[in-house]
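Visitor: I would like to learn how to read ring pairs and helix packing in a model. Please take one feature at a time.

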Amino acid sequence: MVWVTVLLVGILVLPFAPLVPADVVNTAVLACLYLIVTLSLVLLVGLVGQISLAQAAFVGMGAFVSAIFTLRLGVHFPFTLLVGAGSGALTATVIGLVALRVRGLFLAVATLIFTYLCDQYLFTQPWLVPSQSGVSIGFEAVGIPGTFPYFDLGDVRVFYYVAVALAAFALYSVANLRDSRVGRAMAAVRGSEVAAASLGVNVMRFKLLAFACAGGLAGLAGTLFLISQRNVAPQQFNFLASLFFLSIAVVGGLRSLGGAIASAAIFAVLVDEVFYRAPKLADYLDLVSAGLLIAVLLFFRGGLGALPERLAEGWRLAVAPRLERWRAGRAPGPPAAGDVTPVVAVSEPEAVAEARPSRPRQGAPVIDVVEIAASILDRPEPAVEAPRLRVEPAPDRAPARTSAAELLEAARKRGLVAGEPGPGGRRLPVLIAAEGVTVQFGGLRAVDGASLSVGAGEIVGLIGPNGAGKTTMFNALLGLNTPAAGRVLLHGADVSRLPVHARAARGVGRTFQILQLFGDLTVFDNLLVATHLQNPTGLFGALFVTPRARRHETEARLRVEAVLELMQLDHLAHRRVAGLPFGVLRLIEVARTLVTGAPLVCFDEPASGLDSAETENLIDWFRFLKQIGVTLLVIEHDVSMVVRLCDYIYVLDQGRLIAEGTPAAIQRDPHVISSYLGASVEEAS
């Protein structure tokens, strides 16, 4: 922390330090302005994955609208900061509304078109920009001359502190946002929009929120440009300026706050100390920034933010072994025979063994299952308090442990097994039902008038041969497909037109046939995203870390820790999911659905890609989930697994429901046998 203190002191005393000319202070101010714009791109592109080539246009809107308010309405600093941030946020929101349904290259093109329209049309309108040579304002000041407090913002040394304070505020806000419930939702949108929606994240809302926040930061920077330079012209905010700002962000590392600081400082020095002092080089600034952008994209995609990690890796792989050999060579002599420490070679399978999936833990804390099950059923806590697991147990008193049988018995005594017996061996109430659902894609009818229901406390299977329409039916139940006919009921209410995130909010979770984990996040953060619906923290709480936001964040983290310990994944908590064994990834998906607290979880071919041992392990976990009150709907090709696991089974073939019943009845049904074996019904009989 010593170097951090020294750095902060240096920043504070820089303007009045001996031998520091005003030009250096100007460069520092420019670095602060670049940093604010760069942070807006880190938020929008790095965190949410929404490519923007319109950032210069947002900066320009902040500058020109602030000038209008100053010249025509008499609004001055600091209120113009709100005007600039508001105009940038509003403009970005409008663009976000237009570009919400596209991503990647199409989004980049959409924002590029907006930048072109601003350059060629909007910034040429007299009502916004009176003169194409630029808009000028007078010196800004706070207070009355001769009184206290009075600050002349025309003095670069005074304005330096304003720029540093606002840059620090922007950095603080983005850092808080990134590590909050809102930031995790945005990162989930970047990783997989479908998976994010299935966890209750309103994808469109958070995309729009990201555009608004990024636009607000860019507009704030535009106002500071205006106050600092006192003159702004349309040419400063064209497409090349957007490319320049994007270059700063990419060179720094799109997801790195430290890289953003370093890159903003480097580009400020290039602009103010190199190209400004060498007029013959001024025309090459855009070329140099584009060249740096290309070089980073080709050879060093992590940017400056990844440099410490690269150096540490280089030290570990190249320098440390040589240093160790050198030290060994300088040893005083060979060790005695009795002092030799054997070196044990660890094979690759053994190295991966720590990530091997496991069966339900014997001796999991009672609090984990009981509290999770209570939240799943959305029932109030009982009058009699259950034993509670300490967050930080005293050294002389470890948390109480129990066997799996005792643990389940404790859950039963509290009435946590969902549902009651109903007619025909089914259970009531019905959590989800499809009534005559038909799904069409053009002339293809993928599902044709199929009906099914899942009662509380059941494990229901949906099977059928390849192309039977199982996943299409699944997606119709969960909101990814809209039925052409029929309806979907969730807890008795018609949800046929509700989007995915709205159905998730009503208590339904899911997994995916093709894994939809967030590869850039750790195991812990993947599960933390699943607390989205239990954590009501909004944008204000995320930005300023209010006591309420801290409380909800703590509760969410404790919930995730409990599930990780219950499922024996706690040793992998801080590993990125990318690179983990496939069986473990499937188990992480199961853990994520448990964290959501959904009373109904739908599994889409969960045993796909698993070997027999991993499949048996998964069956054990499904039975465990049922016993703590989770209702399951399972799509699966593995008929033997479904027959052993499920209480009731539906069979689809070519989009039609051909059979339903208990596992024993399904195994004897001639239509099912015919469907799977290709024989006629008579032969199957």
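Visitor: Are tryptophan 621 and phenylalanine 624 buried or exposed?

Guide: Both tryptophan 621 and phenylalanine 624 are buried. Keep in mind that this is a predicted model. The two residues belong to helix H23, which spans residues 612–627. They are 3 residues apart there, about one turn of the helix.

Visitor: How do I describe a pair of aromatic rings, and what are the values for tryptophan 621 and phenylalanine 624?

Guide: Two quantities describe a pair of aromatic rings: the distance of the centres and the angle of the planes. For tryptophan 621 and phenylalanine 624, the centres are 5.5 Å apart and the angle between the planes is 80 degrees. The pair is edge-to-face because the angle is over 60 degrees.

Visitor: Which geometry do tyrosine 648 and tyrosine 650 adopt?

Guide: Tyrosine 648 and tyrosine 650 are also an edge-to-face pair, at 5.3 Å centre to centre and 65 degrees between the planes. Tyrosine 648 and tyrosine 650 are both buried.

Visitor: How many aromatic pairs does the structure hold?

Guide: There are 14 aromatic pairs in the structure. Rings can also group into a cluster: Tyr34, Phe244, Phe245 and Phe267 form one.

Visitor: Where do arginine 205 and arginine 592 sit relative to aromatic rings?

Guide: Arginine 205 lies over the face of phenylalanine 206, 5.1 Å from the ring centre. In the case of arginine 592, the charged end is over the ring of phenylalanine 518, at 5.1 Å from its centre.

Visitor: Now the helices. At roughly what angle do the axes of H3 and H10 cross?

Guide: Two packed helices are described by the angle between their axes and the distance between the axes. Helix H3 covers residues 55–73 and helix H10 covers residues 239–252. Their axes cross at roughly 110 degrees and come within 7 Å. H3 and H10 are therefore roughly perpendicular to each other.

Visitor: Which residues make the contact between H3 and H10?

Guide: H3 contributes Gln55, Ala56, Ala57 and Val59, while H10 contributes Ala241, Ser242 and Phe245. By type, the contact of H3 with H10 has 5 nonpolar residues, 2 polar and no charged. Phe245 also takes part in the aromatic cluster with Tyr34, Phe244 and Phe267.

Visitor: What is the overall picture for the chain?

Guide: The chain has 27 helices and 16 strands. Of its 685 residues, 50% are buried. Among contacts between residues at least 6 apart in sequence, 74% join residues at least 24 apart.

Terms used. Residues are numbered from 1 along each chain as its sequence is written. This is a predicted model: local features need pLDDT of at least 70, side-chain atom pairs count only at pLDDT 80 or more; totals for chains, interfaces and linings use all residues. Side-chain values use heavy atoms; hydrogens and water are left out. Rings of Phe, Tyr and Trp (its six-membered ring) pair if their centres lie within 6.5 Å; planes under 30 degrees apart count as stacked, over 60 as edge-to-face and the rest as tilted. Helices (H or I, at least four residues) and strands (E, at least two) are DSSP runs, numbered from the N terminus. Buried means under 20% relative accessible area, exposed over 50%, partly exposed in between (1.4 Å probe, protein chains only). A charge sits over a ring if NZ of Lys or CZ of Arg is within 6 Å of the ring centre and within 35 degrees of the ring normal. Axes are lines fitted to C-alpha atoms, for helices over the stretch in contact, and angles run from 0 to 180 degrees between N-to-C directions. Angles under 35 degrees count as roughly parallel, over 145 as roughly antiparallel, 65 to 115 as roughly perpendicular and the rest as oblique. Contact means heavy atoms within 4.5 Å. Ala, Val, Leu, Ile, Met, Phe, Trp, Tyr, Cys and Pro count as nonpolar, Asp, Glu, Lys and Arg as charged, and the others, Gly among them, as polar.
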